[in-house]
Amino acid sequence: MKKLHKFILKSYAGPLAMTFFISVFILVMQGLWRYVDDIVGKGLEISVMLEMLFYVSLQVVPMALPLAILLASLMAFGNLGENYELIAMKASGISLFRIMRPLTILTIFVSITAFWFSNNVLPVANLKFYTLLYSVRQARPELEIREKIYYDGVDGFRIKIDHKNPKTGMMYDLIIHDHRDKINRNVNVTMADSGKMDIDDRAGVILLTLYDGVTYDEKVAMGNSRLSDRVRQMYRHDEFTEQKVLVKVDGFDFSRADENIYKGNDRMKNLEQLRHDSDSLHHVTDSITNEIAKQASGYQMRKTRYRYSTDSAYTAAIDTAIMLNVDSLMLILTDQQKRSAVETALRQAKSNKQFIDERLTQFNNEQLKVNRHEMEKHRKFAMPMACLIFFFIGAPLGAIIRKGGLGMPVVISVFFFIFYYIIDTFGAKCARESVWPVWCGMWLSTALLAIIGSFLTYKSATDSALFKSEAYQKLADKLKKRIMKKKADADEDSEE
């Protein structure tokens, strides 16, 4: 049996390693496309790019590992079935469960490792990746002014050139709009025959040298108190042969942000931190709920709260006030007092509604944080369980279809993975928005896959002809005969 177990493990380990790295590569490429606009044109060093690529690779492991297990088990058992090795094992009296035993143990070990990775490595990878991504986004893109297109990469300026010399860097027919005055925009325009731009990365400044141009400046002295002074200084026209402009710009040098800005996110915490912070958030939501309930039930008694020394006396006073007959109280008031009472009640009701709406908004925000923390706790267990369930889908399915290689197994794996991803996304959305309980939404996809895996394992263990058209044709013929027989019996009854 040891040789047989080694043979089965060897047949499974090779495809598992290959499909895992292929899945990681595909998912990394797909993930980087989402951030290509934030990365391109920033002049980043190769080490920064490789570091970001490494963190993205760690992030996609929870998606790549279940897909790799599904595809590898399909390929392994498909090859065994296609080469009639699986049939030979069964003919020797070895059941499917005994054949799957060493791979089941290996998959359990992989699932435990996946849980450790999800709890200890993935939060750190998420923290470092999003901090690095934030730093990259804050870095200013390299200055690349295109011809005949306005460029606004320099804060407070819009620059347009007609053409430029790539060798000397000289730009011709420049138009520069100075928008640093946020109130009076487009009041300072400079037109120059030619010019060049020099950047000092260390000092964070741009030196713009312009030749043979003119500057139009409007509303230079709008702060003058006398109208005549404002009119005389409304327009300004300066011609120059050479003019140098020094512009202070931050962000040309890449600097790493502080990791503390993302440490409070649920995806950056392990299981112990999630439990601690989730309990704290639950206390916040409970306090908001109690505050809303007290405000809604006892607003009319709030102004006289100081009269009652204990909360029980205050609650009893509220109950007594609620039991009063409002109609009888209104009858003893004059018309003016009734109008005043109604107006006061309307103001208090509007104020009460505004207070409750504000607290409800706060409650919804805090509840969303609670849901995210609870979802992350369940996700750390759901992903390893998905690895185990995908194995019990791929192994029996490969034994049934008896097709190895990368053809049919890839098609089936992609189908099951897309099904799993759609259901998991739907369940996570319902859990995040409190439509369903968090545990229900997070375990929905895993539960459905467990049912499918149990069915396929049973069918494979009993050598059921699940994908043979002859079996379904026989079933259709039987149903057709029954329908025809019932129809004939009904016709005989109608004739009688």
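Author: Glutamate 374 and lysine 377 are both buried. Note that this is a predicted model.

Reader: What makes glutamate 374 and lysine 377 a salt bridge?

Author: A salt bridge needs a side-chain nitrogen of Lys or Arg within 4 Å of a carboxyl oxygen of Asp or Glu. The closest N and O atoms of glutamate 374 and lysine 377 are 3.3 Å apart, and the pair forms a salt bridge. Both residues belong to helix α11, and because they are three residues apart, about one helical turn separates them.

Reader: Why does a spacing of three or four places matter in a helix?

Author: An α-helix has 3.6 residues a turn, so residues three or four places apart point the same way.

Reader: How do you know that aspartate 357 and lysine 353 form a salt bridge?

Author: The cut-off is 4 Å, and the N to O distance for aspartate 357 and lysine 353 is 2.9 Å. These two are four residues apart in helix α11, so about one helical turn lies between them.

Reader: Why is lysine 353 called exposed, and why is aspartate 357 called partly exposed?

Author: Exposed means over 50% relative accessible area, buried means under 20%, and partly exposed is in between. Lysine 353 has 53%, so the word is exposed. Aspartate 357 has 34%, so the word is partly exposed.

Reader: Which residue forms a salt bridge with arginine 359?

Author: Glutamate 291 does, with the closest N and O atoms 3.2 Å apart. Arginine 359 lies in helix α11 (residues 335-401) and glutamate 291 in helix α8 (residues 271-298), so this pair ties together parts 68 residues apart in sequence. Glutamate 291 counts as partly exposed because its relative accessibility is 34%. The count of salt bridges comes to eight.

Reader: Why is α4 described as largely enclosed by the rest of the structure?

Author: Of the 22 residues of α4, 19 are buried, so the helix is largely enclosed.

Reader: How do you know that the span of helix α4 agrees with what it should be?

Author: At 1.5 Å a residue, the 22 residues of α4 (residues 61-82) should span 32 Å. The end C-alpha atoms are 30 Å apart, which agrees. After α4 comes tyrosine 84, with a positive phi near 60°.

Reader: Why is leucine 103 called buried?

Author: The limit for buried is under 20%. Leucine 103 has 0% relative accessibility, so it counts as buried. This leucine 103 sits in helix α6 (residues 96-138).

Reader: What makes up the nonpolar patch on the surface?

Author: The patch consists of Met18, Ile22, Phe25, Ile26, Met29, Ile46, Leu50 and Leu53, with about 740 Å² of accessible area together. Helices α1 (2-34) and α3 (46-59) each supply at least two of its residues, and α1 gives the most, with five. Isoleucine 26 is in α1. With 51% relative accessibility, against a cut-off of over 50%, isoleucine 26 counts as exposed.

Reader: Which residues form the positive surface patch?

Author: Lys474, Lys478, Lys481, Arg482 and Lys486 form it. Lys and Arg count as positive. Lysine 481 is in helix α14 (residues 469-495), and because its relative accessibility is 63%, lysine 481 counts as exposed.

Definitions and conventions:
Residues numbered from 1 in each chain as written. Predicted model: local features only at pLDDT ≥ 70, side-chain atom pairs only at ≥ 80, totals over all residues. Heavy atoms only, no water. Patch = residues over 30% accessible without salt bridge, like charges linked within 9 Å, V, L, I, M, F, W, Y side chains within 5 Å. Areas by Shrake-Rupley, 256 points an atom, 1.4 Å probe, with all protein chains shown as cover. Charge placed at Lys NZ, Arg CZ, Asp CG, Glu CD. Buried < 20%, exposed > 50% of the residue type's maximum accessible area, 1.4 Å probe, protein only. Expected span 1.5 Å × (residues − 1).
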